[in-house]
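Q: Please look at the model below with me, and let us read its features one at a time.

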Amino acid sequence: MLQIKDLKKSFNGNEVLKGINFKIDKGEVVVIIGPSGSGKTTLLRNINFLESADSGIMKFQDEEINLVNPTKKEKLLVRRQTAMVFQNYNLFKNKTALENITEGLIFGQGIKKEQAVNLAEMALDKVGLLDKKDFYPSQLSGGQQQRIGIARATVLNPALVLFDEPTSALDPELVGTVLQDMKRLADEGQTMIVVTHQMSFAKNVATRVIFFDKGEIIEEGKPSEIFEHPQNIRTKEFLSVIA
Ligand code: ADP
């Protein structure tokens, strides 16, 4: 579905992505783990064109796209078929749960209001929050806000969903509900890339785990390979610290 070749990105001379090669097939749940500041978020943001690359090629569903200067059409193609769930939910504070979902459908995708409302209600129902559709973010818990973020990301059944530390801002007792929603999506066959520190999710839900450090993919494999038989010394050290 998606292939990245030799993706490089620097900020002010600091090379944050050092030539990433990466591939994801349909239906895979790829979990990226690794120390803070190693470039995981930057990688996701490059896939979604929220950040521009210094070099690199993306192959997305048979289109070959130069990551340095993609055309508007190429950006649109990728953005239409991918969605991102952010660490801090990124909800509009002055809009209700329902409006947070319909806004992009109406103004981004040109969908008629009535249909947008139908789609948003179905998406809210899936995450168990239809009864909260008229609530504002400030009236909802962090977990509920993030589940609305997930409903918004998945409302149009995107080919690929990118999760950027979706539970990091949550109180511990709220993490489980969000992970359950993510597991449900994975069980439904949603292709996804998840950056997370939740090792239980990586162990139980990932089809593949990538250990990322200092702008490079150090090691990747099935959860059992990475967690039970890590090969690289840096992977071993990271896992021994967080275990
Ligand atoms: P991670 O997600 O693994 O914690 P990030 O991708 O957020 O890592 O950050 C990697 C490095 O890139 C960090 O040193 C961070 O400070 C730097 N960085 C990220 N975004 C920017 C930016 N917009 N401007 C300058 N430096 C940035």
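Q: In which loop is glutamine 61 found?

A: Helices (H or I, at least four residues) and strands (E, at least two) are DSSP runs, numbered from the N terminus. Glutamine 61 is found in the loop between β4 (55-60) and β5 (63-66). This is a predicted model, in which local features need pLDDT of at least 70 and side-chain atom pairs count only at pLDDT 80 or more, while totals for chains, interfaces and linings use all residues. Residues are numbered from 1 along each chain as its sequence is written, and side-chain values use heavy atoms, with hydrogens and water left out.

Q: Why does asparagine 90 count as partly exposed?

A: Buried means under 20% relative accessible area, exposed over 50%, and partly exposed in between (1.4 Å probe, protein chains only). Asparagine 90 counts as partly exposed because its relative accessibility is 42%, and glutamine 61, with a relative accessible area of 32%, is partly exposed as well.

Q: Is threonine 102 buried or exposed?

A: Threonine 102, placed in helix α3 (residues 97-108), is buried, because its relative accessible area is 7%. With contact meaning heavy atoms within 4.5 Å, and not counting residues up to four places away in sequence, threonine 102 touches Ala116, Val117 and Ala120.

Q: What is the order of the strands in the open sheet of six strands?

A: Two strands pair if DSSP finds at least two bridges between them. The order in this open sheet is β6-β7-β8-β3-β9-β10, with mixed pairing. The edge strands, β6 (82-85) and β10 (216-221), each pair on one side only. Strands β7 (residues 160-164) and β8 (residues 191-195) run parallel and are joined by five bridges; leucine 162 has isoleucine 193 in β8 as its bridge partner.

Q: Which helix packs on the sheet, touching β3, β7 and β8?

A: Axes are lines fitted to C-alpha atoms, for helices over the stretch in contact, and angles run from 0 to 180 degrees between N-to-C directions. Helix α6 (residues 172-187) packs there, and its direction makes about 150° with that of β8.

Q: What pLDDT does the protein average?

A: The pLDDT is the predictor's confidence in each residue, from 0 to 100. The protein averages 95, and 100% of the residues score at least 70.
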